[in-house]
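These are my notebook entries on a few items looked up in one structure. The sequence and the model are shown first.

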Amino acid sequence: MGRKMKGIVLLMKKSVLDFKELGASNVDHGVDILVGISVRFQLISSVYGDPEKGMSGKIGSPAYLEDWIPTIAPLTPGDSVYNVTFDYEEEIGIPGAFMVKNLNPSEFYLKSLTLEDVPGHGRLHFVCNSWVYPVDKYKTDRVFFTNQAYLPGETPAPLQSYRKQELVNLRGTGTGMLEEWDRVYDYAYYNDLADPDKGSDYSRPVLGGSNEYPYPRRGRTGRRPTKSDPKTESRLPLLMSLNIYVPRDERFGHLKKSDFLAYALKSIVQFLLPEFEALSNQTLNEFDSFQDVLKLYEGGIKLPDGPLFELIMKNIPLEILNELIRTDGEGLAKFPMPQVIKDDKSAWRTDKEFAREMLAGMNPVCIQRLMEFPPTSKLDPKVYGNQNSSIIKSHIENNLDGLSIEEAIKANRLFILDYHDTIIPYLRRINATLTKMYATRTLLFLQTDGTLKPLVIELSLPNPEGDQFGAINKVFTPVENGVEGTVWQLAKAYVAVNDQGVHQLISHWLNTHATIEPFVIATNRQLSVIHPIYKLLQPHFRDTMNINAIARQILINAGGVVEKTVFPEKYSMEMSSVVYKNWVFTDQALPVDLIKRGMAILDPNAPHGLRLLIEDYPYAVDGLKIWSAIENWVEEYCNFYYKTDETIQNDLELQSWWTEIREVGHGDKKAELWWPKTQTKKELIDSCTIIIWVASALHAAVNFGQYPYAGYLPNRPTLSRRYMPEPGSPEYAELEADPEKAYLKTITPKLQTLLGIALIEILSRHASDEVYLGKKDTPEWTTDTAVIDTFRRFGERLGDIEKEIVQMNKEGKWKNRVGPINVEYTLLYPTSEGGLTGKGISNSVSI
């Protein structure tokens, strides 16, 4: 008998992931259909080529799954471990890959194959992490490689053709409708948000492919066009909305909460929306007081009995129903208490907290240093007339600690939150809907204790005579009490509405979700799984295509949740496309962004080479530490594989990857001169650092604070429904008589509040098996021990940063880190447990 090589296969069966099976035991091992000849493995030589197949690696004899091994505890619930025994064949030598054929009727998730004792080599580990469908679903065999990283030119010759063929398979043909077993990564415009067959109210422009509406590309699905508009792709019925095509390995489905979350999102839209509508109509869709709003968290809202409630109970699995509406058997919809009101129910209303959230809230990426007074507009005066600010010296000069405006600007103590130019071009159209809002500018003064003080808010409307006549501006200054105090609270609410919309559509959706997807697609199409840069970036792409596909299906589509809950309504996505015109890849680097916004200046003596002009700017302080840790890790990693700039220039996969990102993935930006050329190690290090930063830390900073800050809608309203009351009007009289009710009648109504809170509660949660920055879900991701050591040091540095964050939050001298609401800034604290924590940097844009 010849020598044998023992192997261990780790896989997960499809049945484990079925919702219907959630309560049942995972796998019945009485009769195991995978054992026997139904799953076939063949090793591929990394040493000897087959002359009859163009010297591609020789293929060994078949081996099959043997007994399930109950004694080895799998890493994850639902995993199954099997033996497999290969003949050792001299003409194969050391394998570098293997082929697998699934002869079952159902797919399974193959995690890894490990060979314990390969003669002349020892242990060999193959990382797979892929769904393997029945063999009739594939045109070519499924091939998996060992966990050794190779640049294209250094790949063992017998493996090169397999490496190239695998990339050809992943690119697809660019035609036809894609099915769940297709492993194709391809590009399309955002032409699937509209539903014109339902009527003109559901028509939306195609985003991407034009100068008017440029946009990053999304993953192609190949669905047929709509009947009424050949440029628009047809949509899936809501019941099938989780079946939208993304390559199967990108789908939620590591036995994880995010399956739950995706399901819950769909449930909100499908079942809860009609229930909430019925509920809101009964109560006239208004909250009467802040105490009334608090019932959402303290006592719950009674969901009415009736057929709709029964429909919900019948259609949503109990676990998810409990997650969603926290019913306690009494049919009460109850939400967790958001952090912003946990300690103090009214501190959110203070000017200090209003200003602090620009530095340490859920959208800390928009505030800028004021460079000129009064503020000016960059909009074309030929089209929009005079859009400059009407704020004058007398509005603010008495509040600058004795400084003149010129002195305050020179001393870097004046700041601005300016949404005027983003919103004015759309405002006439937005205000023709039920929304009634303003474009806003807010000026702030940096006080000696490091906190910001709001000085003035300007609310602007388009001139009723026409855009070319400029803006009509109103200016408001802080007042503590009385009706004027309520007017000032309303002015802050209009600013929050602007900030909330810009946050949701631009800081969050556009600048993380949408702009990262082309990198995900190009990486899978152009870099082999054994390419070092694939191995570096791939963990930061987990679940991104899937959450984006679900967003297109039920959140950002025409009539979707975002349009129902955020002020621009049907113009939401179109507005984000106009902002994308100014998107610059290199500006996404945190140091570049801080300098561009005037929040920092270069200083070789300061940490990270930057001096912050607001020393107590929690997002920037923590962010720069995380940025530097990522940059150091990427630099050491790239230097290990690329010894010279020439190796980068000669890496054909890498060059194709970068060309495709520029010319296709972000194709509407291909003529821009700011794109790095990726001809040097520094350019590669900078680009990879930006990609990882955006996908991990930037997304964490703008995503996981949503429920803590906006779960209480009066603090972060998403809509306004009436203009600022004029003295002498009935609305003004109401403002005097019942300020809380008047405030609540101006901002987001009850239905949209319920819908919005239900949505952001889901989006702010960490999945139970989340992988955080500095961690890996596959310990044996590479064989290069020097790289593993570097990664360990990266994780240790992040651990040190956690301790520094805790220390600074406790010190008491950094007032912006805690603020009047007494909530510590932890959004860039690297790790977290699952659930609603307000901390933790996920590796990827996964929710």
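Against which helices do the buried residues of H22 pack? I looked this up and found that they pack against helix H11 (482-526) and helix H23 (739-746); contact here means heavy atoms within 4.5 Å.

I noted the basis of the entries. The model is predicted, local features need pLDDT of at least 70, side-chain atom pairs count only at pLDDT 80 or more, and totals for chains, interfaces and linings use all residues. Residues are numbered from 1 along each chain as its sequence is written, and side-chain values use heavy atoms, with hydrogens and water left out.

Entry on helix H22. I took helices as DSSP runs (H or I, at least four residues), numbered from the N terminus. In H22 (residues 730-737), Tyr 732, Glu 734 and Leu 735 are buried. Seen down the axis of H22, these buried residues fall within an arc of 155 degrees, so they line one face of the helix; the arc is that of the directions from the helix axis to the C-beta atoms. The face turned away from the buried side carries the exposed residues Pro 730, Glu 736 and Ala 737. Buried means under 20% relative accessible area, exposed over 50%, and partly exposed in between (1.4 Å probe, protein chains only).

Entry on helix H13. I found 12 of the 12 residues of H13 (residues 544-555) buried, so this helix is largely enclosed by the rest of the structure.

Entry on cysteines. I searched the whole structure for disulfides (cysteine sulfur atoms within 2.5 Å) and found 0. Cys 638 is in no disulfide, and the nearest cysteine sulfur, that of Cys 688, is 5.0 Å away. Cys 638 is buried, with a relative accessible area of 2%.

Key:
Helix = DSSP H or I, 4+ residues; strand = E, 2+ residues; numbered from the N terminus.
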